[in-house]
Amino acid sequence: MKAAAFEYARASSIEEACALLRERGDGARLIAGGQSLAPMMAMRLARPTWLVDINDVPDLQYIRVEGERLRAGACTRQRALERDARAIRLVPLLSQALQWVGHIQTRNRGTAGGSLAHADPSAELPLVACVLDAEVSVRSTRGRRALRAGDLFTGPMTTTLAADELIEEIAWPIWREDHVGSAFTEVSIRHGDFALVAAAAQVALDGEARCLRASFGVGGADATPVAFPELAQTLAGARLEDSIISTIAERAAAALDPGEDLHASAHYRRHLAKVLAERSLLEARDRAIARRAGQIRQ
Amino acid sequence: MTPRGHRISVEVNGHLHEGEVPARLTLVDWLRDELHLSGTHVGCEHGICGACSVLFDGEAVRSCLMFAVQADGHRVTTVEGLSGEDGRPGELQDAFCETHALQCGYCTPGMLIAAHALLRENPHPTEAEIREAIGGNLCRCTGYQQIVEAIEHAAAKLVERGAR
């Protein structure tokens, strides 16, 4: 359980990290928190020839609100994001999801960008990024580009990032409606383990409890996290009765293609997808209603 | 390819330690094998068990998921750093003895680090908060109950001492 030999370079700026990735070629990998990469190296599932360490790049660790988005540098620690007052107030789905990510000791080190770049299909932060249609900024020596989270993930542990690209920032949209509720839920063998299936939802209601907009998605039940914008669109204008939510969740689960492994059959994962999508939507709705009734002041 | 060694300089338990390490050496192996600080235990070596927990720049992390070279210029506290100046156990460690919170003792250093980090931020934790704080640390002997009691006991003693 020891990593194979590799060379190490510590970057002190984004430019230096990009240049190192470029110079060291395809065998080079970025290491941020290392909470997934280090175990994969220990198990020899990953054998990078170079590690480019971005933990000491100050420009990758920040949380700020700008342009109707909450923005975090890619190397922002998960624990920092979970406890940031602005994040809790403006994008509560993030801290709701982060409570399910590993344990305190791994969140103290694990990063927001690292979780996205690792692209585990059952991971919480990629799901939230897809559900909220977050924007991901990417840098390389060739310049900067921005992509939507949904266009980042192509399969298990696979992204559209080129070998020399680095995630610089993640920007989650802030919903400014008066009555917004969100919820995250998952089933895992033990708390802190990888989710078998996870679901996230966010809804905005008007003064009459009619849905202004909704968004939801499921992780762990397909090759990537999957958001359902078309299905969510059909909720706009409706009162979110339990039966409507149940039907939508059923249709979402039917559209997924879950895999199976030692821990859960494809059938069980599809069942969980339906139940958890339903639960997250119901809970998000109830929280939005509670905000409407002034029961939750933030 | 023979990988280069890296010069590192790390503050461990308040003392500066220097060394030369291959990049693949984990932080826990450096602490144990080079500095002979064997209090930090190696359990699973892939971030599951929590036995290797240390404070890194004050935050509890798993030292098997970091390479020693990454600690260059940083500050590490191991379980040895939790005892008093005279090397005697602190309140938290005493509480573990008093409530029989260990049997084989393998998980204990990690539990102590997790509990220490919790009590520093939250002097009055609820039982649920204690269980959340040690949720990343596996114990195969005690069933956790006495560990939770030890942390509750330590919290009460520390608050009492602070109030005096």
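Predicted model: local features only at pLDDT ≥ 70, side-chain atom pairs only at ≥ 80, totals over all residues.
1. Residues are numbered from 1 along each chain as its sequence is written, and chains are lettered from A, with ligands numbered from 1, in the order in which they are written.

2. Chain A has 11 helices and 14 strands, where helices (H or I, at least four residues) and strands (E, at least two) are DSSP runs numbered from the N terminus. Its C-alpha trace spans about 60 × 45 × 30 Å along the principal axes. For 298 residues a compact globule would have a radius of gyration near 19 Å, and the 19 Å of chain A agrees with this; the radius is taken over C-alpha atoms, and the globule rule is 2.2 Å times the number of residues to the power 0.38.

3. Of the 298 residues in chain A, 53% are buried, a residue being buried if 20 or more other C-beta atoms, placed from the backbone, lie within 10 Å of its own. Among contacts in chain A between residues at least 6 apart in sequence, 65% join residues at least 24 apart, two residues being in contact if their C-beta atoms, placed from the backbone, lie within 7 Å.

4. Chain B has 5 helices and 5 strands, and along the sequence these follow the pattern β-β-α-β-β-β-α-α-α-α. Buried residues make up 48% of chain B, and residues 24 or more positions apart account for 59% of its contacts with a separation of 6 or more.

5. The domain assignment of chain B gives domain 1 (5-82) and domain 2 (91-163), with bounds that come from an automatic or database domain assignment. The centres of these domains, taken over C-alpha atoms, are separated by 22 Å, and each domain gives 14 residues to the contact between them. On the side of domain 1 of chain B that touches domain 2 of chain B, strand S3 (residues 53-56) of chain B supplies the largest share, 3 residues.

6. Helix H3 (residues 108-121) of chain B has 14 residues, which at 1.5 Å a residue should span 20 Å, and its end C-alpha atoms are 20 Å apart, which agrees; the expected span is 1.5 Å times one less than the number of residues. H3(B) is mostly covered, with 12 of its 14 residues buried, among them Met111(B), Ala115(B) and Leu119(B).

7. The contact between the chains takes 26 residues from chain A and 23 residues from chain B. Elements of chain A that give two or more residues to the side touching chain B are strand S1 (7-10), helix H2 (37-42), strand S3 (50-53) and helix H6 (104-107).

8. The largest nonpolar core has 152 residues, and those with the most contacts inside it are Ala17(A), Ala200(A) and Ala115(B); such a core is a set of buried Ala, Val, Leu, Ile, Met, Phe, Trp, Tyr and Cys residues joined through C-beta atoms within 7 Å. Strand S12 (residues 195-205) of chain A gives the most to this core, 10 residues. Leaving aside neighbours within four places in sequence, Ala17(A) is in contact with Ala11(A), Leu30(A), Val52(A), Ile54(A), Val57(A) and Leu166(A).
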